[in-house]
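Please find below a colleague's note for a reader who is meeting this structure for the first time.

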Amino acid sequence: MSSRRSILRHRFLYQAVVALCGAAAFAPAYAAPPPVADFAKHLQYRSVKISPDGNHIATDSMIDGKRHLTLIDLANTKGINIRPRGDDELNEFWWVGPNRVMYTLSTVEGGLEQPRGTGELLAVDADGDANDILFGQRVEGQEAGSHIKKKKSELAAATVIDTLRDDDEHVLISTIPFDSGYEGSMPEVFRLDVKDGNKSKLFTSPLRNAQFLADHKGVVRFAYAPGVDNFMRVMYREGDGKDWEDLLEILNPVRLSPFSEPELEGALHLGGAKGKTFIAEREQKDLNVFDALKEHIQALQKAGKKVLIGNISEA
């Protein structure tokens, strides 16, 4: 009996040792904490956008400490990096057609921590060809003796209003001169050719330093900007060539992030009645949702109510 107990005891000890060795072999290895520098690194990619035809991907990639535009052909998974010149780096980019990407640049000047936009507009084909400046101060001038209308250098900054989803050859932009001064100036709105940079003027803004919103047909319907009296003015028009009319005037506007409460002392979430979603209006092909929005705002104002507009984009 004692010999049997001894055998069992030795077998148990052997199994225990094997189990401990196995546990040690598969125990997680606790590496050293990551260096602090890793937390200060820029994101390798900030945004990825697929082309309208689904054949290419455009993304902003961090290479050698600078943002580059990277274009990838999904058929062969080959990519090409569009390297900005000098101290410039990629700022924003948009697909403006199945095979054309428009982008802007920024640069770091002096002691500024954040890069500053150059105000230029550039575009490149999905395969990296036809990379050119379409608008800005570094545009090459027209050749002497040429009667062909070409883009020219301009001391102004451009902003993309709308990429015109039904037009692969143009975008809507607004421009404002560099010498506008402290109070700014009235922006001009153009239709810009995404291939050669030629542009045609559509109108001059009704507001100083305005931003714009176009409808699904590419018609600019809203203009909005803060005034010198701290009131945000919102103007509306029914269509091209129509008169602008004041729609809203708001004191001390604030920009809200979707689904977040302001982190301010004394700020409370008070809930509120659900706003109008315009789902039914958006489903009617013969109805413009901007017209429905205008009528709803005017009806609320006529009833003595204050209006708050919220928007969610799934871009």
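1. This is a predicted model, and among the elements of its chain helix α1 (residues 2-26) has the lowest mean pLDDT, at 44, whereas strand β12 (residues 188-193) has the highest, at 98. Over residues 36-41 the pLDDT is below 50, and beyond near neighbours in sequence this stretch has one contact in the model. For the chain, the mean pLDDT is 78, with 71% of the residues reaching 70 or more.

2. Where pLDDT is low, the predicted coordinates should not be read in detail.

3. Turning to the strands, β5 (residues 88-97) is mostly covered, with eight of its ten residues buried. Strands β5 and β6 run antiparallel and are joined by seven bridges, and the two form a hairpin with two residues between them. One place to look for this pairing is Asp 88, whose bridge partner in β6 is Thr 107.

4. Strand β6 (residues 100-107) also pairs with β8, in the antiparallel sense and over four bridges; here the bridge partner of Val 101 is Val 124 in β8. Strand β8 is joined in turn to strand β9 (residues 132-135) by three bridges, again with the two running antiparallel, and Ala 123 stands opposite Asp 132 in β9.

5. Between β8 and β9, which form a hairpin, there are six residues, and in this turn Gly 128 has a positive phi of about 95°.

6. How many residues of strand β8 (residues 121-125) are buried? Five of its five residues are, and the strand is accordingly described as mostly covered. In a regular strand the side chains alternate between the two faces of the sheet. In β8, Leu 121, Ala 123 and Asp 125 point one way, while Leu 122 and Val 124 point the other way, and all of them are buried.

7. Finally, is Ser 174 buried or exposed? This residue, which lies in strand β11 (residues 170-177), has a relative accessible area of 8%, and because buried means under 20%, Ser 174 counts as buried. Leaving aside residues up to four places away in sequence, Ser 174 touches Ala 157, Ala 158, Thr 159 and Ile 161, together with Pro 187, Glu 188, Val 189 and Phe 212.

Technical notes: Residues are numbered from 1 along each chain as its sequence is written. This is a predicted model: local features need pLDDT of at least 70, side-chain atom pairs count only at pLDDT 80 or more; totals for chains, interfaces and linings use all residues. Side-chain values use heavy atoms; hydrogens and water are left out. Buried means under 20% relative accessible area, exposed over 50%, partly exposed in between (1.4 Å probe, protein chains only). Contact means heavy atoms within 4.5 Å. Two strands pair if DSSP finds at least two bridges between them. pLDDT is the predictor's confidence in each residue, from 0 to 100.
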